[in-house]
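The stops below are meant to be taken in order.

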Amino acid sequence: MGSVSLKIGDGTARFKRATVCSSAVNILMIFSVISTNLFALYAFTSSPKHHQNHIFHNTHKNISLISEQVSLILREIDSSQKKLAKMEKELLGYETIDISRPNIANELKIFLQHHQLPLGKDSRTGITEMVASVGHSCEKSADLLSQYMTYKVSGPCPDDWSLGQKLILRGCEPLPRRRCFAKPVPKVGLSPFPISLWKPVSEKILTWSGLGCKNFECLNKKKLSRECVGCFDLANGYENQKFVKAKSKSDFLIDDVLALASGGIRIGFDIGGGSGTFAARMAERNVTVITNTLNIDAPFSEFIAARGLFPLYLSLDHRFPFYDNVFDLVHASSGLDVGGKPEKLEFLMFDIDRILRAGGLFWLDSLYCTDEEKKRTLTRLIERFGYKKLKWVVGEKADAANSGKSDVYLSAVLQKPARV
């Protein structure tokens, strides 16, 4: 090797021979660089065997622990999802009745099975399947319900309306729909409205099966309720004088009550309306009234319909199937008693308040008070709603069965406030 020396002045170029010392230094530097790199490479790529095993063992152990934790979390999530789904189904009534039982009618299974929406989840309601509406207490009467749902599809329905009513009174409401045809009863000789309001109803157009009485003569001799003694006799007795002629100070007259209304009365709801006489009197004054009734010991619903009025077959344990604030008037008598349970009466009063518009009237008509405590309880409950007392009378009147005894009754006309 040699160094190159360029001398520009004379135009010549000459090579100068390198010394032995400089060559040795260069070789030593190259050897040092190579050896240093080899040592670093060895240090990074090699380790003792026992250390490798330790690291591998710890890594495997950590991965197993993480895997177990992840599996536990996934199981908890799955369990929570199942619990939430079960709670949702219980709240919505999906699985109230176990349709896998061997004694469950096939029609009931078909009615209660889930039906997926064809397009998946509904964006407005959030539901993914259609669910049948059946009362939660039906589970307690599954045998009766299965009997009710045993019939020939597209054939005549069994003559079992009394069985259906028994289920309703046990809290099995609403009942499931059925795919059969109800027994037709010829409605021959119906009078045109408004003559039908007071025209005697023919016994031939009513259904008497399942009832103890088979004619009006038998019914009119029985005390069906405090408001219904002879209430199917439209020609004689007191029925055609109700609400237009008072027998005691607790009997309010319709015209007097209507005069208290602000904004007029157009539609009303009658709770436990007997044979429909209140609705008939209101119809004469161009007010439409829906009468809540059940066929307990008498064909109330058919009789009311034969008079050209609107019966609603519904127990008082059921939420009223009306929207909020729609009625101008709610009329109730001793049917409001609901078994004397203060809690049930409270729920009922809130539902009455819900369907009554602000400024509307709640007419409490001769509610029977068994004792002073019941009167105080009812009074405190009513006062909680803040209604204005337009009329309030506590008085006695003769027993409807003419037993010679006097009973204590509370009558009131209350006006619902406009709450903010």
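The tour begins with the whole chain and then moves from one selection to the next.

**Whole chain**

Show the protein chain as a cartoon. This is a predicted model. The protein chain holds 11 helices and 11 strands. Colour by accessibility next: of the 420 residues in the protein chain, 36% are buried. Contacts can be sorted by sequence separation as well. Among those between residues at least 6 apart in sequence, 64% join residues at least 24 apart.

**Helix H5**

Select residues 161-169, which form helix H5. The buried residues in H5 are Leu 163, Gly 164, Gln 165, Leu 167 and Ile 168.

**Thr 207**

Follow the chain into the loop between helix H5 and helix H6 (216-220), and select Thr 207 there. Is Thr 207 buried or exposed? Its relative accessibility is 19%, and buried means under 20%, so Thr 207 counts as buried. Show its contacts, leaving out residues up to four places away in sequence: Thr 207 touches Trp 161, Val 185, Pro 299 and Glu 302.

**The aromatic cluster**

Now show the aromatic side chains. The count of aromatic pairs comes to 15. Take Trp 208 and Phe 216 as one of them: the ring centres are 5.6 Å apart and the planes stand at 70°, so this pair is edge-to-face. Trp 208 is buried, with a relative accessible area of 11%, and Phe 216 is buried as well, at 9%.

Move on to Phe 232 and Phe 300, an aromatic pair with 5.2 Å from centre to centre and 40° between the planes, which is a tilted arrangement. Phe 232 lies in the loop between H6 and helix H7 (254-258), while Phe 300 lies in helix H9 (residues 300-306), so the pair ties together parts that are 68 residues apart in sequence. Both Phe 232 and Phe 300 are buried. Select Phe 303 too: Trp 208, Phe 216, Phe 232, Phe 300 and Phe 303 form one aromatic cluster.

**Glu 217**

Stay with helix H6 and select Glu 217. Glu 217 is exposed, with a relative accessible area of 53%.

**Helices H10 and H11**

For the last stop, select residues 342-355 (helix H10) and 372-384 (helix H11). Two packed helices are described by the angle between their axes and the distance between the axes. For H10 and H11 the angle is about 30° and the axes are 11 Å apart. H10 and H11 are therefore roughly parallel to each other, and H10 passes H11 in a right-handed crossing.

Which residues meet between H10 and H11? On the H10 side, show Pro 342, Leu 345, Glu 346, Met 349 and Phe 350. They meet Thr 377, Leu 378, Leu 381, Ile 382 and Arg 384 in H11. Coloured by class, the contact of H10 with H11 has 7 nonpolar, 1 polar and 2 charged residues.

Technical notes:
Residues are numbered from 1 along each chain as its sequence is written. This is a predicted model: local features need pLDDT of at least 70, side-chain atom pairs count only at pLDDT 80 or more; totals for chains, interfaces and linings use all residues. Side-chain values use heavy atoms; hydrogens and water are left out. Axes are lines fitted to C-alpha atoms, for helices over the stretch in contact, and angles run from 0 to 180 degrees between N-to-C directions. Helices (H or I, at least four residues) and strands (E, at least two) are DSSP runs, numbered from the N terminus. Angles under 35 degrees count as roughly parallel, over 145 as roughly antiparallel, 65 to 115 as roughly perpendicular and the rest as oblique. A crossing is left-handed if the near helix is turned anticlockwise from the far one by less than a right angle, and right-handed if clockwise. Contact means heavy atoms within 4.5 Å. Ala, Val, Leu, Ile, Met, Phe, Trp, Tyr, Cys and Pro count as nonpolar, Asp, Glu, Lys and Arg as charged, and the others, Gly among them, as polar. Buried means under 20% relative accessible area, exposed over 50%, partly exposed in between (1.4 Å probe, protein chains only). Rings of Phe, Tyr and Trp (its six-membered ring) pair if their centres lie within 6.5 Å; planes under 30 degrees apart count as stacked, over 60 as edge-to-face and the rest as tilted.
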